[in-house]
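Please look through the model shown here with the notes below at hand.

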Amino acid sequence: MPTRRRALTLIGAGALAVGNISLARAAADDDEVLTEAKVLRDPGVPVAGNPDGNISIIEWSDYNCPYCRKLEPELRQVVQDDGKVRLVMKDWPILGPVSVMAARIALAAKFQDKYHQAHDAMMGVSSRLTEPRINELLAAAGVDMDRLKRDLTDHASDIDAVLKRNNEQAEAFGFRGTPAFIVGKYRVPGVLSMKEFEQVIADARKAKMN
């Protein structure tokens, strides 16, 4: 387990490479993409954790990203243990057509209140996803597959618009791969340990008070 000082040095080095960010300052650079409302409060983007939390973690992830899958249970544990973190889940399918399909299906499942079941099912496997495997996983997770197909068609433009916004924001923040995070006012590209997440959350709360 790293000491607090050592972990903060690691996090600080990453932040130094890409810079700390205030959403208000970011919005001044790109009013259309990085407004606080669009980044933090996009109604089309699912939220986990405490919806009224005093710190937001925004995660950009891909269902075929092995690092995202490895990190998922640890991130969820940190969010659960803290109790005051709002986790904003931005699907960013950058690893090929199946990733796009998986992201669209997860967002379609949101229309039957099954996004989190779909997300967890696809993140919980260790092999690359295929369309038959995705269908198998979601059916086992209790997703109504007939409704899912209808929602994929009926809400196609809404789903594609969410993915477009997610992508534009990730690119505007300078992210180059998944997973990537905003924690409070800090950009955090890449994977952190549970201990490091706890520390950057604490730092984000402290920065919020200043």
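This is a predicted model: local features need pLDDT of at least 70, side-chain atom pairs count only at pLDDT 80 or more; totals for chains, interfaces and linings use all residues.

1. Residues are numbered from 1 along each chain as its sequence is written, and side-chain values use heavy atoms, with hydrogens and water left out.

2. In helix 7, which spans residues 131-140, the buried residues are Ile-134, Leu-137 and Leu-138 (buried means under 20% relative accessible area, exposed over 50%, and partly exposed in between, with a 1.4 Å probe and protein chains only). Because these residues cover an arc of only 95° around the axis, they lie on the same side of helix 7; the arc is that of the directions from the helix axis to the C-beta atoms. Pro-132 and Ala-140, on the other side of helix 7, are exposed.

3. The buried residues of helix 7 pack against helix 5 (97-109), helix 6 (115-123) and helix 8 (145-154), where contact means heavy atoms within 4.5 Å. After helix 7 comes Gly-142, whose phi is positive, near 90°.

4. The axes of helix 5 and helix 6 come within 7 Å and cross at roughly 150°, and the two helices are therefore roughly antiparallel to each other (the term applies to angles over 145 degrees). The contact is made by Ala-102, Ala-106, Leu-107 and Ala-109 of helix 5 together with Tyr-115, Ala-118 and Met-122 of helix 6. By class, this contact has seven nonpolar, no polar and no charged residues, with Ala, Val, Leu, Ile, Met, Phe, Trp, Tyr, Cys and Pro counted as nonpolar, Asp, Glu, Lys and Arg as charged, and the others, Gly among them, as polar.

5. Val-79 belongs to helix 4 (residues 66-82) and, at 7% relative accessibility, counts as buried. Not counting residues up to four places away in sequence, Val-79 touches Gly-49, Val-85 and Leu-87. The C-alpha atoms of Val-79 and Asn-50 are separated by 8.2 Å, although these residues are 29 residues apart along the chain.

6. Ile-58, in strand 2 (residues 55-61), counts as buried at 0% relative accessibility. Leaving aside neighbours within four places in sequence, Ile-58 is in contact with Val-39, Leu-40, Val-88, Lys-90, Ala-180, Phe-181 and Ile-182. Ala-180 lies 122 residues from Ile-58 along the chain, and the C-alpha atoms of the two are separated by 8.2 Å.

7. On the assignments used above, helices (H or I, at least four residues) and strands (E, at least two) are DSSP runs, numbered from the N terminus.

Definitions and conventions
Axes are lines fitted to C-alpha atoms, for helices over the stretch in contact, and angles run from 0 to 180 degrees between N-to-C directions. Angles under 35 degrees count as roughly parallel, over 145 as roughly antiparallel, 65 to 115 as roughly perpendicular and the rest as oblique.
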